[in-house]
Each structure stands twice: as structure tokens, then as C-alpha cells.
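Welcome! Have a look at the structure below, and then let's work through some questions together.

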Amino acid sequence: MLKSIAGLIKNSKQFNNLVVYGFGQGFNLITPLLVIPYIVLICGEEGYGKIGVGMALAFFIMVFIDYGSEITGVKQVAVNREDKSRLESIFITTYTAKLILLFVVLFIVSILFYFIPYFNQDKKLFFMSLSMVVGQFINPTWFFQGIENFKWITILNILSKIIYLPGIFIFIHEPSDYIYCNLIWGIGMIVANGVSFIYILSTHSFSFMNTKKEDVLKLITANFSIFSSQIFVSLQMYSPIVLISFFGGNTMAGQYKIVDQIIVIFKTYLLLFFNFVYPRVCYLLDKSKKEALRFWKLYNGLNGIFIFVSMALIALFSFEIVAYFNPKGILEISNLLKIAVLIPILQSVSVPLKQLVLGSNRQRQYVKTIMIITIISLMIIVAITPFYNVLGVLLALIVTEIITAVLFYSIIKKDLFVCTS
């Protein structure tokens with residue numbers, strides 16, 4: 001392990017990219033924590049719950065706008081980074097397709113917000129939350145990832161939060177102002193991503209006059225399967241707070257949002273750790289399964305210990321941590337947090353197994369598994385949330401992570417753990 005770390009540091013470009021990218025992602029995660037106590041103090045748990053529902057819906061809608069570009073787009077840019085004409089084609093084709101999808105999606109959700117009672121009663125909040133969707137449409141992070149320009153990813157992350165942070169304190173003064181919180185977030189995204197988008201156009205001299213209709217249609221057709229799988233992943237991530245709000249009300253949604261805001265830091269960390277370790281796992285699996293498993297066990301084992309210790313500390317100081325957010329039911333929420341810490345612990349098992357599933361080229365089995373897991377998760381949440389409220393959702397997510405780990409392990413057990421033992 002020490003040799004691997006030394007090698008990373010020796011490769012200054014890779015190490016600098018990791019530091020710059022990590023700093024930006026850290027800033028992205030920590031900034032909301034600075035304003036949440038203020039939002040809860042002014043808007044209450046109910047208002048914060050409504051904000052959380054609006055944000056979850058916006059994040060889910062973003063999947064339709066991204067349409068798999070965060071996966072296929074990154075790969076295409078990375079492979080063709082030296083070919084300027086091909087880069088231009090990828091860039092303008094992707095954005096043209098995303099623009100078409102943006103208009104279609106905004107039209108459909110606008111109808112839903114007006115005619116479905118659940119959305120109509122808070123339609124101002126939901127419409128203002130769509131500013132985040134517009135900001136995501138502009139977001140060129142996928143392009144920067146492909147050319148490994150992590151500096152600009154960090155710049156746009158920091159710039160958007162620098163706009164969001166003072167915006168909350170300047171414009172949120174009354175409980176009814178909760179409807180503007182997601183709008184402020186969206187404006188930060190639009191400005192930061194807009195600056196980055198213009199930078200790419202000016203630097204690479206891309207022109208949308210060169211857009212080809214057949215390329216756009218081909219992209220929409222080719223990305224459909226990846227897009228479909230991402231829908232299920234997003235449903236699993238963002239549906240719980242919406243279902244809590246629907247069955248238990250916005251106050252309970254606010255309680256869940258506070259708990260989720262704490263553990264999401266570690267869930268995001270696990271995702272970043274996955275992105276960092278995954279390429280090496282893929283490389284070693286192609287060379288030697290024994291070497292791959294040795295590397296996999298070492299890194300993920302140490303990471304699992306870190307997650308376990310961190311969750312134990314959060315459970316131990318759960319009351320003090322929850323008190324920071326200024327909720328009314330501190331004791332109740334702190335008890336929920338003690339249960340929720342099991343989710344990152346279980347993910348420290350399921351996420352490494354996901355590395356092996358994808359690294360072993362089991363993409364089809366992965367997609368099927370994710371679909372099955374999402375359906376099971378939603379069924380459990382719908383069945384028990386009306387009776388157990390937030391606790392029911394947390395228990396459903398815990399059960400889901402256990403099932404995920406078992407299914408992932410069953411996929412690669414014979415090929416890896418049996419043959420290499």
C-alpha cells in the first residue's frame with residue numbers, strides 16, 4: 001500500500017488532480033452544512049422538508065437531461081481528446097440532444113406540477129427548483145472529466161456554492177421564504193456552469209452551426225440503455241424523501257433530510273473512493289485475479305475500518321451533531337441517526353463488491369440487479385413507511401444494502417472468490 005501511495009505522489013499530475021478534485025468535492029459537501037442550521041431555524045423542519053422534496057425531484061429530473069452523458073460522454077471525450085474535430089462533434093451533439101430533452105422534460109413536469117394535487121399545493125417551490133435542472137443542462141463537468149481538467153471542475157463547484165452561501169443569508173428571512181432556497185442553488189449552478197461552458201467554447205472554438213441531425217438522433221438511441229439504468233439508480237437515491245413527505249408529511253421529510261445530510265457525506269466519500277480505486281481494480285483483474293483481490297481487500301478493508309470508526313463516532317455523538325442543525329425533535333432525530341449510520345457501513349461492503357462486478361465485465365447483470373434492488377426497495381418503503389415513518393425508510397434502506405451486497409457477491413463468487421482461494 002505504501003508503494004501505491006508513493007507512486008501516486010510521484011506521478012505529480014495524477015496526485016495534483018486528486019488533490020484539486022478532492023478539494024472541490026469537499027467544498028461542495030461542506031458548504032450546505034454551513035447554511036442548514038440557518039434554514040431550519042428560519043423555515044422550520046417542515047419548510048426544510050419541502051426544500052428537500054423539491055431538491056430530490058430536481059435531481060431525479062436531471063437524469064433525463066444528462067441522458068447518460070456522465071458515463072458515455074466522459075468515455076467518448078477521454079478516448080478522442082486529441083482529435084479536435086471529434087471533440088467538437090461530441091460536445092455539440094451532446095448539448096443539442098440535452099437541449100431537446102430539456103424542453104420536453106420541462107413541458108411534461110410543468111403539466112404534472114399544475115394538475116397533480118400533491119405538486120400543485122407547492123408548485124412555486126417545484127417550479128423554482130427547476131432552475132437546478134437548467135443549471136445541470138449547462139453543466140460541462142462531463143467534458144472536463146474526459147479531458148482530465150479537474151481544475152475547472154473545482155472552479156465551477158466553488159463558484160456555485162460561493163453564490164449559494166451568501167444568497168441564503170441575504171434572501172431567506174421568513175418561514176415562507178423556503179420556496180427560494182432551491183432557486184438560489186439553481187442560480188449558482190447556472191452562473192458557474194455558464195462561465196465554464198463559455199470557457200470551453202472560447203478555448204476550443206466549438207460551433208453549434210456544425211450540428212448534424214443524424215448524430216443527435218444516433219446519440220439519443222445509443223444512450224437509451226444507460227439512461228434507463230440511471231433512472232433506477234436515481235429512484236433508489238431520491239425517492240425516499242418524496243415518499244416520506246407523501247405518507248408522513250413535510251415535517252418528517254425534514255427530519256429525514258437532516259439525517260441524510262449527515263450520512264450523505266460518507267456516501268459521497270464512498271463514491272469518490274470507488275472512482276479512485278476502480279480503474280486500478282479493472283487493470284489488475286485483466287492481469288491477475290489474485291493480485292486484483294489482494295489490492296481490493298487491502299484498500300477496501302482499510303477504508304471499511306475508517307467508515308466503521310467514523311460511524312461509531314457519529315452514533316456516539318449523535319445528539320450533539322443533530323443539535324447543530326437546530327431541529328425541535330433533537331432526541332428523536334439523534335436516535336434515527338444512530339440507526340442510519342448502518343447504511344454507510346453496509347455500503348462500505350456493497351460498493352467494493354460493485355467494483356468487482358463491473359471490473360469483471362458483468363454490466364448486464366449489474367443493470368438487472370440494480371433494477372431488482374430498486375423495485376424491492378420501493379416496495380418495502382411504500383409498505384412500511386405509513387406505519388413506521390422515517391424509521392421505516394431507514395430500515396428499508398438498510399435491508400436494501402444487505403440484499404445488494406448479497407446479490408453482488410453471488411455474481412462474482414465463483415469466478416473470483418472460489419477460483420482464487
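The questions and answers that follow explore this predicted model.

Q: Is N250 buried or exposed?
A: Let's start with where N250 sits: its place is in helix α12, which covers residues 250-287. A residue counts as buried when its relative accessible area is under 20%. The relative accessibility of N250 is 18%, so N250 is buried.

Q: Which residues is N250 in contact with, leaving aside its neighbours within four places in sequence?
A: Contact here means that heavy atoms lie within 4.5 Å of each other. With the neighbours within four places in sequence set aside, the contacts of N250 are E45, E46, G49, K50, V53 and S245.

Q: Is F144 buried or exposed?
A: You can find F144 in helix α7, residues 141-146. The cut-off for buried is again under 20% relative accessible area. F144 has a relative accessibility of 1%, and therefore it counts as buried.

Q: What distance separates the C-alpha atoms of F144 and K354?
A: Leaving aside neighbours within four places in sequence, F144 is in contact with residues including W152, L156 and Y199. K354 is 210 residues away from F144 along the chain.

Q: How many charged residues are in the lining of the largest cavity?
A: Sorting the lining of the largest cavity by class gives 1 nonpolar residue and 6 polar ones. For the charged class, which takes in Asp, Glu, Lys and Arg, the count is no residues.

Q: Which elements give two or more residues to the lining of the second largest pocket?
A: The second largest pocket has a volume of about 310 Å³. It is lined by 13 residues, and those closest to its centre are Q76, R86, K218, L219 and A222. The elements that give two or more residues to this lining are α3 (69-79), α4 (84-115), α10 (213-222) and α11 (224-248).

Q: How many polar residues are in the lining of the second largest pocket?
A: Let's sort this lining by class too. The second largest pocket has 4 nonpolar and 3 charged residues in its lining. The polar class, which includes Gly, has 6 residues there.

Conventions. Residues numbered from 1 in each chain as written. Predicted model: local features only at pLDDT ≥ 70, side-chain atom pairs only at ≥ 80, totals over all residues. Heavy atoms only, no water. Helix = DSSP H or I, 4+ residues; strand = E, 2+ residues; numbered from the N terminus. Buried < 20%, exposed > 50% of the residue type's maximum accessible area, 1.4 Å probe, protein only. 1 Å grid on protein atoms, 1.4 Å probe; cavity = no way out; pocket = protein on both sides within 12 Å on 5 of 7 lines; lining within 4 Å. Points joined across faces, edges and corners; volume = space filled by probe spheres on them.
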